[in-house]
Amino acid sequence: MQEHDLSYVRAEMAVSEPAPAGVSGLGAWVRKNLFATPFDSALTLVGLLVVAYIIPPLINWAFISAQWTGTDRTFCATVAQGGVQPDGWSGACWAFVNAKFGQFMFGRYPVEEHWRVILVAIMFVVLLVPMMVPRIPRKGLNAILLFAVFPIVAYFLLTGGWFGLTHVETPLWGGLLVTLVLSFVGIAVSLPLGIVLALGRRSKMPVVKMICVIFIEAVRGVPLVTVLFMASVMFPLFLPAGMTFDKLLRALIGVALFASAYMAEVVRGGLQAIPKGQYEGADSLGLSYWQKTGLIVLPQALKLVIPGIVNTFIGLFKDTSLVYIIGMFDLLGVVRQNFSDAAWASPQTPISGLVFAGFVFWLFCFGMSRYSIYMERRLDTGHKR
């Protein structure tokens with residue numbers, strides 16, 4: 001037999017070599033993202049100049065020259081203003097935030113009952129974290145505990161009047177407590193109700209479609225302030241004499257319905273983006289309408305509109321500050337309310353309180369946006385085969 005020379009055939013895999021220095025590392029990233037073209041280079045230099053102009057004074061105001069401790073306004077005012085700081089001093093008055101921190105978090109909730117609010121917050125975190133981590137099993141049980149059991153337990157703990165707990169009226173609630181209650185209820189109600197409204201708007205039944213269209217367009221056509229005003233002031237006028245509902249409950253219903261109308265349009269956009277072949281494939285398998293919607297169409301639609309859903313959640317979280325107009329004090333409302341405290345009246349007090357409130361809002365909104373990006377990447381199947 002004729003022998004063949006196979007010496008040119010590799011007997012083992014070649015050892016991988018590092019990427020060229022010009023296409024990897026920090027230097028490559030800088031050249032690609034900051035100095036790719038002359039125009040990009042010019043924008044980068046302008047941006048660096050702006051940062052260099054803004055950041056040092058901001059750091060000096062917020063940290064270096066800031067007043068961290070104190071018992072009254074004199075610690076955050078100059079000598080000419082009746083304080084102890086030298087003339088020309090400008091710094092954050094974090095002493096004001098530290099002194100009013102309890103009110104910023106709990107409003108006028110009784111101090112001796114703060115443990116109930118803290119316990120509710122701990123329960124919420126303990127149930128929310130496993131729900132957000134995909135690797136943790138038993139999501140069904142977790143969802144039942146978070147969206148069905150937890151609200152009931154939280155209601156009894158926060159309001160009291162049961163099991164020996166002191167009753168705390170909702171007008172005493174305030175601060176971050178009200179912000180989180182409004183946003184949690186709004187988010188928990190708006191998503192399922194928005195899905196129902198979106199499906200109803202695409203329904204082939206004229207009556208169902210007309211009702212959903214009228215509700216969505218009517219609610220989306222007015223600002224949230226109007227909805228809150230109607231729920232707080234106008235709605236009681238239509239009730240029989242002697243009948244009333246808690247103001248917080250009315251605000252919760254108004255916020256939830258308002259967010260549901262916007263959520264319905266977001267979900268409808270996802271439903272319209274699903275190719276017609278998905279519907280036809282489900283019909284060819286003999287699936288019922290609810291099987292087709294729940295198992296095939298809706299999961300794909302919700303995955304497509306994750307950014308829109310989270311954007312609605314973020315907008316809802318920030319819009320809770322509008323309850324200030326109906327006499328309720330969320331985080332921002334309590335901060336503004338404390339500006340009138342004569343014991344802390346100084347030029348630096350308002351901006352310090354507003355910066356603190358803005359940071360808290362940014363912290364929650366940024367967390368929701370980052371989790372949205374994480375879920376988008378995890379559910380993205382475009383690169384898979």
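Buried means under 20% relative accessible area, exposed over 50%, and partly exposed in between (1.4 Å probe, protein chains only). The model is predicted: local features need pLDDT of at least 70, side-chain atom pairs count only at pLDDT 80 or more, and totals for chains, interfaces and linings use all residues. Residues are numbered from 1 along each chain as its sequence is written, and side-chain values use heavy atoms, with hydrogens and water left out.

**Exercise 1.** Locate T78 and decide whether T78 is buried or exposed.

Solution.
- T78 lies in the loop between α2 (38–64) and α3 (94–99); helices are DSSP runs (H or I, at least four residues), numbered from the N terminus.
- Its relative accessibility is 7%, so T78 counts as buried.
- Leaving aside residues up to four places away in sequence, T78 touches G83, V84, Q85, P86, D87, G88 and W89; contact means heavy atoms within 4.5 Å.

**Exercise 2.** Determine how the axes of α11 and α12 cross.

Solution.
- The axes of α11 (residues 276–284) and α12 (residues 289–304) come within 10 Å and cross at roughly 160°. Axes are lines fitted to C-alpha atoms over the stretch in contact, with angles from 0 to 180 degrees between N-to-C directions.
- Therefore α11 is roughly antiparallel to α12 (angles over 145 degrees count as such).
- On the α11 side, Q278, Y279, A282 and D283 meet K292, I296, V297 and Q300 of α12.
- By class, this contact has four nonpolar, two polar and two charged residues; Ala, Val, Leu, Ile, Met, Phe, Trp, Tyr, Cys and Pro count as nonpolar, Asp, Glu, Lys and Arg as charged, and the others, Gly among them, as polar.

Note on methods: Helix = DSSP H or I, 4+ residues; strand = E, 2+ residues; numbered from the N terminus. Parallel < 35°, antiparallel > 145°, perpendicular 65-115°, else oblique.
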